Amino acid sequence: MANFIFKTTPNYSAFNKIIGKGKHMKFAKNKTAAIAIAIFLMLSMSASMMLVPNASAHSPAWNIPTSAYVTCAPSTIGLGQYTTIVAWVDRSSPTASGATGQHWTGYQLNITKPDGTTEIIGPWTCSSDVGSDWKTYTPDELGNYTIVFSWPGNVITTGTGGANDQGVPYVNDTVAGSTSKPYTLTVQQTPVPNWQEPALPTDYWQLPINAANRGWSTLPSNWLLGSWLVNSFQSEGTVPLTAHVLWSQPITPGRAGGIADAQWPGVPADVNDYESPWSAPIIMNGIIYYNAPPVADSAVYGYYALNLYTGQQMWYKNGTDNGLNNPYVMPDPNSGSGASQSYLSLTQGQLYHYDSVNGNGVLSYLIMVKGTTWYFLDAATGNLICTLIHVPTGTAVTDQDGSLLRYSYNAATGNILCWNSSQSIRPMNPTGTGQQQWKPPLGSVIDAVNDTYWTLLGPSVGGTQTWIVNDILPRSGYTMNVTSNSLKGLPGSITAVLKNDNRVPEQIFGSKIVSTGGVGVYDPLSVACDVDQLYVWLVSIDYGVTGYTPSTAITNTQANNLGFGATLLMNKTITVPLPGLNDTWSIAAVDYDSQTFQLKCQQTAQSWCYSLTTGNLLWGPTTSFNQMDYYGLTENVYYGKMIQISSYGGTMAAYNITTGNLLWVYNATATSPYESAYGNNMPLSLGAIVDGTAILYSTEHSPTKPLWRDSYVRCVNLTDGTLIWKLLDFNMGLSVADGYIVTCSQYDNNVYCIGKGPSGTTVSAPQSGISMGSSFTITGTVTDQSPGAKGTAAIADASQEAWMEYLYEQQAMPTNATGVPVTIDAIDPNGNFIPIGTATSDASGFYSLGVNANMLSAGPGTYTVIATFAGSNSYGSSYSESAFTVNAAPTVAPTATPQSNLATAADLMTYMVAVAIAIIIAIAIVGFLILRKHP
């Protein structure tokens, strides 16, 4: 037999996100996959080997022996629990390259059950390029199971996709089959324990969340701007359930807001001449990023990073200290732009789920966009990392791994393209392990559609890294490049790319609305037109239906189509529901889950619901509530409801997306009818849909001054349309992340962070003088410990709106605000727990509770008193301890029993009086006798 040597297999499954959507399961939802991934990493590094020839051809063909292995974890489980069976062969195909090349076929598990019967799993094709794979198995009998793994062997081929060129000399060699030793799985009646992690918190929490607490993965959320959200729908995280303010501070230090001078009564600082000092910020990893005010009285250019939980400034970049050194651009007199200036500012954030053979995690970036140039910044420092130039235009999408996509369509050729930011940034090397490593090169400038960096370096042969011409072709940055005759001539352009609940792009919806006379084509999401017909079409994005192109002999990082196809599902001409009226029509609320879209008429302020599948009308029209609806209706679909908001009518209505039945209506009724110029309601705009609520606000495109005084940010329950809370706020943009709303009010130019804060509880009891039978008072405080109002009273949820407006917005102090309940308990001298009572704090945070010592059944001794505030929707919980000592009742001296034959005080007095009288009489008699004896 010919000689051969062994080498650890490089795994070429670099970017799972662009290979197949089936791999994009959320970690918290697939613990089995998590275990298997860990095992794969171990096996790919230490066990699986590939064949490396020491000759250029094998004649005759080699016959290579193998060994098969099988194990399972856990090896002892309870009935009804699962185990993960891991099987592998010690040789992998030398042509395997990630998801492409040859993968072994014929894998099979033979499982002999305790009753002697045999269960077979397989045969199947190994999913990995290192020869290892896994299956989950749930036994249904008690006893010992015997597991044997086998495979029949394979003749080496190039497989599909980009084969590993180093393995080509092995083609037509035979790798022999093998069978593993038996492995025993024991199933017992008693379940084996699972990892016990803390319960999901309902209390105050902060980032970072310990990665051991996988169940807490539902808590964090981010607001990245760009295409991260679709129609302001925040699909993850929670929302504050009261108006409690965590902190507030000016947009920039020292920048005044509010009323400027008595000379101009009620006029605030902001001009609003098509510019605002604030817009919705990026919130990422518990950090708020926002641009400095681009307004007329500010020479500041730059951007800030603030701690979400404290408002503390972490850093500030002025535009000359971030590696770009380009603070602003002076206007070109010949450009036709007048005196306008342009300068770079933060555009969006990116969280990229990096997943390769040797690494898995989430990377964070800030992005600045100017034209077709993208600047990637370090989110921790704000400094430049790398630059992409010539980024193509198209419909923006963020996919399930956080990659930034741009979809485009060419009707003349029937071509659909998808550019991918992650594909655009080149790997560390064209081949080998480096080809699986993704890291933006520091200081590099990369052509997003024609990266020739490796091409210019040329082939590398004979060194530690080898690559040929096919490995270093110019890289386009495209991951989908599909051309089909069936796609030619579709009218219009892409209106929306539809994603499933895991953000995987599934369908492309296109439309065309032509202006009267057929002069031009307009974007149907923003500019309507005046004809009776429109055109709609739907294309499915098909995953893994072809090999890599332009050649199956290249790696995924060199290809421009990673197995994608496209299928036309629907192409229809629609006549508008109200023809012949020369009305203005537009398309909105294109929704993947319900497979519907809305067609709305501006003049009647109504919408009709159509099927994405057939293009047929399903129901409509909706109700028109107010003539001000003419100036703007926005639609969103949220879990079976079509939510329609009237921008100036001030209503929000919910319809059943299947039947069109009106479910409820919310009116933003004005407190004073003189504050709204638009009727009985205040204007409404949608800030976010999150956690079963709609976050709404009132604002105006170019507000008159003085500003209206009835503008609020509102939280409305989407189940029934009831108001949960509101807070005074003339909004300039808001974001929602990690359970907090970050907004900025034009009333005072202050940033507000709304959400739950920490609390503090104290307790005090008398340290002396308590005896059995006596009464005493336990006192203490419950206070807000949030950064913005530390030490102020903790107030009941129902009083939060008025209390926060008093603390932060100079409104009147509410006279009916109530505090929070406090539970008082004790631990007696014997260690027993004793409930004592409940008190409610007042508007100063103070509480008290009277206690009688006879309530303490353990009698005299030292007691530990515990005051507990259980927390609320506004505050986290807190408690405090103190102590008091109860003494025995004092001893009282006994009273003597009176004798009946003893003289009383009255008797003695009578006797003394009688004796005195007798003496006086005797003296008188003696005196009389003496006087008689004298002549």
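1. Tyr316, with a relative accessible area of 26%, is partly exposed.

2. Before going further, a word on what you're looking at. This is a predicted model, in which local features need pLDDT of at least 70, side-chain atom pairs count only at pLDDT 80 or more, and totals for chains, interfaces and linings use all residues. Residues are numbered from 1 along each chain as its sequence is written, and side-chain values use heavy atoms, with hydrogens and water left out.

3. Now the overall picture. The protein chain has 935 residues, and 50% of them are buried. Its secondary structure comes to 5 helices and 58 strands; these are DSSP runs numbered from the N terminus, with helices (H or I) of at least four residues and strands (E) of at least two. The chain exposes about 41,200 Å², and carbon and sulfur atoms supply 55% of that area (Shrake-Rupley method, 1.4 Å probe; for residues, only the protein chains shown count as cover).

4. A contact means heavy atoms within 4.5 Å.

5. Back to the rings. A search of the whole structure finds 40 aromatic pairs. Rings of Phe, Tyr and Trp (its six-membered ring) pair if their centres lie within 6.5 Å; planes under 30 degrees apart count as stacked, over 60 as edge-to-face, and the rest as tilted. Tyr303 and Trp315 are an edge-to-face pair, 6.0 Å centre to centre with 85° between the planes. This pair links distant parts of the chain, with Tyr303 in strand 18 (residues 303-307) and Trp315 in strand 19 (residues 313-317), 12 residues apart. Both Tyr303 and Trp315 are buried.

6. What about Tyr304 and Tyr316? Their ring centres are 4.5 Å apart and their planes lie at 35°, so the pair is tilted. Tyr304 is in strand 18 and Tyr316 in strand 19, so this pair ties together parts that are 12 residues apart in sequence.

7. Asn322 is buried, with a relative accessible area of 1%. The side chains of Asn322 and Tyr303 are joined by a polar contact of 2.8 Å. A polar contact is a pair of N or O atoms within 3.5 Å; within protein, one must be able to donate a hydrogen and the other to accept it, and residues adjacent in sequence count only if both atoms are side-chain atoms. A polar atom of the Asn322 side chain also lies 2.9 Å from the backbone nitrogen of Leu324. Leaving aside neighbours within four places in sequence, the contacts of Asn322 include Tyr303, Lys317 and Met368.

8. Further along the chain, which residues form one aromatic cluster? They are Tyr630, Tyr631, Tyr648, Tyr678, Trp708, Phe730 and Tyr747.

9. Charges sit over rings too: NZ of Lys or CZ of Arg has to be within 6 Å of the ring centre and within 35 degrees of the ring normal. Arg426 lies over the face of Tyr453, at 3.9 Å from the ring centre. The charged end of Lys726 sits over the ring of Tyr712, 3.8 Å from its centre.

10. On to salt bridges. The structure holds 8 of them, each a side-chain nitrogen of Lys or Arg within 4 Å of a carboxyl oxygen of Asp or Glu. Arg91 and Asp90 meet in one (3.1 Å, N to O), and both of these residues are buried.

11. Asp140 and Lys113 form another salt bridge, at 3.1 Å, N to O. Asp140 lies in the loop between strand 10 (132-137) and strand 11 (143-155) and Lys113 in the loop between strand 8 (107-112) and strand 9 (118-124), so the pair ties together parts that are 27 residues apart in sequence. Are these two buried or exposed? Asp140 counts as exposed at 53% relative accessibility, whereas Lys113 counts as buried at 13%.

12. Lys600 and Glu635 also form a salt bridge, with the closest N and O atoms 3.0 Å apart. Lys600 lies in strand 37 (residues 596-601) and Glu635 in strand 40 (residues 633-638), so the pair ties together parts that are 35 residues apart in sequence. Lys600 is buried, with a relative accessible area of 15%, and Glu635 is buried at 5%.

How values were computed
Buried means under 20% relative accessible area, exposed over 50%, partly exposed in between (1.4 Å probe, protein chains only).
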